[in-house]
Structure formats: C-alpha cells, structure tokens
Amino acid sequence: MPGKPFQSKLEDFYDFIVQKRRARKTWQEITDLLKKEHKVETTRQNVYDFFKRKRKRRYATGMEPEASPVSPVTKAPVLPAFPTAEPDRYSIDDEPKPSSYFSIITPNQNTKDQ
Amino acid sequence: MSKSDHKAEKPQTLRRFISPIQSQGELGKSTLVEAILSALKFWKVPFAALDADAQHRTLSMRNKDVIARAAATNKNEFHSMIQALPDVPVTLVDFPSGRTDELLQWFQEFHVIDGFEREGIRPTFLFFLSDKAKAKESASKATQIFDARADYILVENPAKFESDDFKSKPLYRLLLDMGSPTISMPALTPTALNSWDALERSTKQRYSLDNVCDPSFGGLHWTTQGTLQHFRNVILSQLEDIAVPRIVPDAGLIQNRVTRLKPFKTVATAESGLHDALL
C-alpha cells in the first residue's frame, strides 16, 4: 500500500510567498523571511520551484483547496471602451453636448490645398 | 408611392446630415465617407463628423480629428447623438453596416425626420448599388421609410461589387426619378492598397487619405502615391459636381474648388491604321 504522498514543508506558506511576491520581494528575500519569521530553512531555488509547481498543480476530484484570496490573476487585454452616454443620475447639465459626439472641423483646421 | 408624392415641396435646407445606412459590409462605405470628409476639408466647409462604426473605427483611426462613439449600437446613444447635433452646415456620420433595421426604427421612434424638417436639416443617404441581397433590401427599406424626405447619392464601386441586378430593379428607377445622382469609385490596385496597409503595420500608425496623398508624405512609392492622388482627385471631382445641394446646402460655402485633372491621352485606333497621323 502506497504511503502518504509527499507534501512540501512550504505548503502552509504558499499564501505568504504569494503575498511577498506581490510586494515585489525577490526569491532570496522571501527565503530569508521564511527563515526569520517562520523558522523554515530552505533555499531560494526550492521556494521558486515550489511556487511554480503549486501554480500548475492539478488536484484529484474533491481534493482541490479552497480558492485562495490572493490567487494570481491574469488580466486579458481589453480594447479601450467605447464611451456611452449613460450617466448614473441625469441632470440638465448632462444634456448631450455636440463636442462629446462630434468633431467639429472648421476651415482654419482644414488641410492644405491639393 | 407615386411620382407626385416625391415631388412635394421641400422645406428649406439649411444643414445636411450625410450617412451610409445599408446593411451590407465590404462595399467601400468608410472609404467613401473618408473621401467626403476629405472633400469637405478641401472645400473649406465647416462640418461635424462622427465615427459610429464601433467595430471597425476606420474613420476615426485614420483621421485623428474624428471622434468615435457607438451611436448606432444602442438606442440611448443614438438619441443622445441626435440631441447633440451641432449647428454646422454639414454633419457626416459613418454608421456601421448591419444596423439598418435598428436605425430605421430609431429614426421613426424619435421623429427624427419631422424634427429635421423643422430645423432645416435634410438627410442624404449613400446607397451602394451592390447586387448583394442585403444591400438591395436595406436600400429598399430606407427608401420606403424616408421616401422624398431624404436625398440619395448612388454609388458604383466596380472593384468591390457588380450593379447590374440592382439597376434592373424598380427601386433603381425610383431613385433616378427622385433625381439621385450616381458617383463611381475608381479602382485602386491591390499593390497600392497593400502598400498603404503595410506602411500602417510597420509604423503602427494609421494614415488618412489626405495624409497619403500629401506630396510631402514620404512613406510610399511614388507610383502608389500617384494612384492614390488620382483616386482622390476623381472622387473629389465627382463629389464637387453633385455637392450642391446633396452634400453642401449652399454653393457659397465652397471656398476652394478641385483642380480637374486632364483626361488620360488616348489615340484612336483603326484596323488599317489609316486614322493615325503617324502611320
């Protein structure tokens, strides 16, 4: 019968590592903080490998951890939003203004002659 | 609708509202709108422009002085846009294709044509004479709704579409009866279009028709710039011929006239060569 799967001693400190990375700490600084604050002795490379492994890990059904409040988020690129005229509260000052909708081009701005 | 209906007396036109309204894409719509914009600038006519094509934004990306807003995407935006119409002689709006039904509904719901007539604004719609079903159907719907309360400019673009079937329809004869003029867009070679496109990609900038036709613009081969200048001149000349009253309400507003190019030289040929002075 197989024994209990190996579990990294850094498992309990995943959120701590994420938090420090978000605070722009280097891997070496995080390693030092783990030793200083949590008495966990490890190497910079171990911390990095653990973090990378953890983010890619797939869990058996029913064994997934609760969603971490600081789990990494990747933003999709978004086109600049098209402006819309839907103010939350409408007052007479919010009357649509020509300059919000139209470019008004007068002869002074016009291009040079053909 | 009878002929007498659309010969009813027209209210005095002080301002023009110009836009395409058909549902078919890939007709050369934004190119023509840009050419009209170029013409208005060249004539030194004060005007307002809006790029309402939220998907492509061709007009506003190529012309940095044009605002883009999704005025054809929802009813409130359309309402606000009509309410914000500026007091200038010409307003040019590039509506997207595929929104004809909504636009026709909103024009009616907000009583736009009634309001336009009270304000002295007359619409001019650009109709591309494409044989494609959507182009014909949407032109027909718009004509039945606006009838003689709008003017129409008919557009041939042989490089993009055929027009034989459109011209065989009663709709075409009706539009001609209403005095609608026709302009024909000259064809640009794929080489010219590709060069323009490649330049925009390589510099990560968009260039307007006016930009690329400017003699001081150095990004294109002289043959490409030459053919683009020819294209612009041919369209501007045609637009100038029909400008009053369908584009500009008053001839006095046009301060600058297009210099007409001389037609290309041709030599009459005969099988025997007897009519050629050099033979």
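Me: How do you know how far to trust each chain?
Reply: This is a predicted model, in which local features need pLDDT of at least 70 and side-chain atom pairs count only at pLDDT 80 or more, while totals for chains, interfaces and linings use all residues. Residues are numbered from 1 along each chain as its sequence is written, chains are lettered from A in the order in which they are written, and side-chain values use heavy atoms, without hydrogens and water. The pLDDT is the predictor's confidence in each residue, from 0 to 100. Chain A averages 73, with 59% of its residues scoring at least 70; chain B averages 91, with 94% at that level. The model scores ipTM 0.80 and pTM 0.72.

Me: Which stretch of chain A has pLDDT under 50 and nine contacts beyond four places in sequence?
Reply: That stretch is residues 68–74 of chain A. A contact means heavy atoms within 4.5 Å.

Me: What makes chains A and B partners in an interface?
Reply: By the contact criterion, 25 residues of chain A meet 41 residues of chain B. The buried area is about 2,800 Å², of which carbon and sulfur atoms give 56%; this is the accessible area (1.4 Å probe) that two parts lose on being put together, summed over both.

Me: How many salt bridges are there between chain A and chain B?
Reply: The count is zero. A salt bridge requires a side-chain nitrogen of Lys or Arg within 4 Å of a carboxyl oxygen of Asp or Glu, so no pair between the two chains is counted as one.

Me: Why are strand 1 of chain A and strand 2 of chain B called paired?
Reply: Two strands pair if DSSP finds at least two bridges between them. Strands here are DSSP runs (E, at least two residues), and helices are runs of H or I with at least four, numbered from the N terminus. A:Ile104 has B:Ala48 as its bridge partner in strand 2 of chain B.

Me: What makes B:Pro245 and B:Arg57 worth noting in the backbone?
Reply: Most residues other than glycine have a negative phi, and most peptide bonds are trans. The bond from B:Val244 to B:Pro245 is cis, with omega near 5°, and B:Pro245 is found in helix 12 (residues 243–246) of chain B. B:Arg57, although not a glycine, has a positive phi of about 50°; B:Arg57 lies in the loop between strand 2 and helix 2 (58–62) of chain B.
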